[in-house]
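Here is a short report on one protein chain.

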Amino acid sequence: MSAITTGVDLTKSFGAVRDQEGRETCLAIATSDAHAAAIGGTWSPLSCEYLFYHAKKRDKTAMDEGTTVPAIMDALKVDGQPVEIGWPYLKELPDDLTTWKPPAKVGAVFRREMKSAGKAFDAVWTAVEAKKPVLIGMTLSDAFFMPDSNGIVDSDEKEEPAIKHAVIIIATGTRAKAKLLLARNSWGDGWGSNGLAWLSERYVAPRIKVVLSIH
């Protein structure tokens, strides 16, 4: 099997991958880490908990469910995020949700705008080639859960519309003539290669539902 030729690689703009610990926080985590990368400098993770909390206040759904793109965009722009130590990530929500709220003092808060760039594979490729990591919301299938021994997810199996997820795309690559995108996931370092895996164009292109960039 031919090796992967990496094009633009933005992995050094990011720190260690996160683990959402079974919570439905993938969108908030991907947004948080893309935001931290946009700030630049020495990697300093931002509080996903703070962002998720404020997004949930907007989307009006159950607190143990995932949030929505409009809610996360508004929360990022209006409420922003402190650094991670301002309100560290919780492995699970407290039983008494009335106690789930930000600390009185979280430190400086950073705000950004997030914009949609459609849902085309080419939009993702072009952005990363321009050295801008992007967040994608996508549907999954069985192949995504177990990247192959080369750290690649490549399958033409049917998508499962009910299974939705968000990742950050941080590199472009090719294998033979096929294009690949490197995804930074939020399932800890046990997924793929230390939490990263290549998604083939044939796998990810029909599954992309939204492409988002932070400015």
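## Thr 11 and its surroundings

The side chain of Thr 11 makes a polar contact with the side chain of Asp 9, at 2.9 Å. A polar contact is a pair of N or O atoms within 3.5 Å; within protein, one must be able to donate a hydrogen and the other to accept it, and residues adjacent in sequence count only if both atoms are side-chain atoms. The model is predicted: local features need pLDDT of at least 70, side-chain atom pairs count only at pLDDT 80 or more, and totals for chains, interfaces and linings use all residues. Residues are numbered from 1 along each chain as its sequence is written, and side-chain values use heavy atoms, with hydrogens and water left out.

Thr 11 sits in the loop between β1 (5-9) and α1 (26-39). Helices (H or I, at least four residues) and strands (E, at least two) are DSSP runs, numbered from the N terminus. With a relative accessible area of 24%, Thr 11 is partly exposed. The classes are buried (under 20% relative accessible area), exposed (over 50%) and partly exposed in between, with a 1.4 Å probe and protein chains only. Leaving out residues up to four places away in sequence, Thr 11 touches Ile 170, Leu 182 and Leu 196. Contact here means heavy atoms within 4.5 Å. Glu 129 is 118 residues from Thr 11 along the chain, and their C-alpha atoms are separated by 13 Å.

## Two buried loop residues

Thr 25 belongs to the loop between β1 and α1. Its relative accessible area is 1%, so Thr 25 is buried. Beyond four places in sequence, Thr 25 touches Gln 20, Cys 48, Phe 52 and Tyr 89.

Gln 81 lies in the loop between α3 and β2 (114-116). Gln 81 counts as buried because its relative accessibility is 0%. Its side chain makes a polar contact with the side chain of Ser 32, at 2.8 Å. Neighbours within four places aside, the contacts of Gln 81 include Ser 32, His 35, Cys 48, Tyr 50, Leu 76 and Phe 110.

## Positive phi outside glycine

Lys 60 is not a glycine, yet it has a positive phi of about 65°. Lys 60 is placed in the loop between α2 (48-59) and α3 (69-79). At 69% relative accessibility, it counts as exposed.

Asn 194 is not a glycine either, and its phi is positive at about 55°. The loop between β6 (178-184) and β7 (196-200) holds Asn 194. Its relative accessible area is 57%, so Asn 194 is exposed.

## The whole chain

The protein chain has six helices and eight strands. From the N terminus, the order is β-α-α-α-β-α-β-α-β-β-β-β-α-β. The radius of gyration is 17 Å, close to the 17 Å that the globule rule gives for 215 residues, so the chain is as compact as a globular protein of that length. The radius is taken over C-alpha atoms, and the rule is 2.2 Å times the number of residues to the power 0.38. Along the principal axes, the C-alpha atoms fill a box of roughly 55 × 35 × 30 Å.

Buried residues make up 48% of the 215 residues. Of the contacts with a separation of 6 or more, 72% come from residues 24 or more positions apart. The chain carries 26 positive and 27 negative side chains, and the centres of the two sets lie 7 Å apart. Lys and Arg count as positive and Asp and Glu as negative, with His and the chain ends not counted. Each charge is placed at NZ of Lys, CZ of Arg, CG of Asp or CD of Glu.
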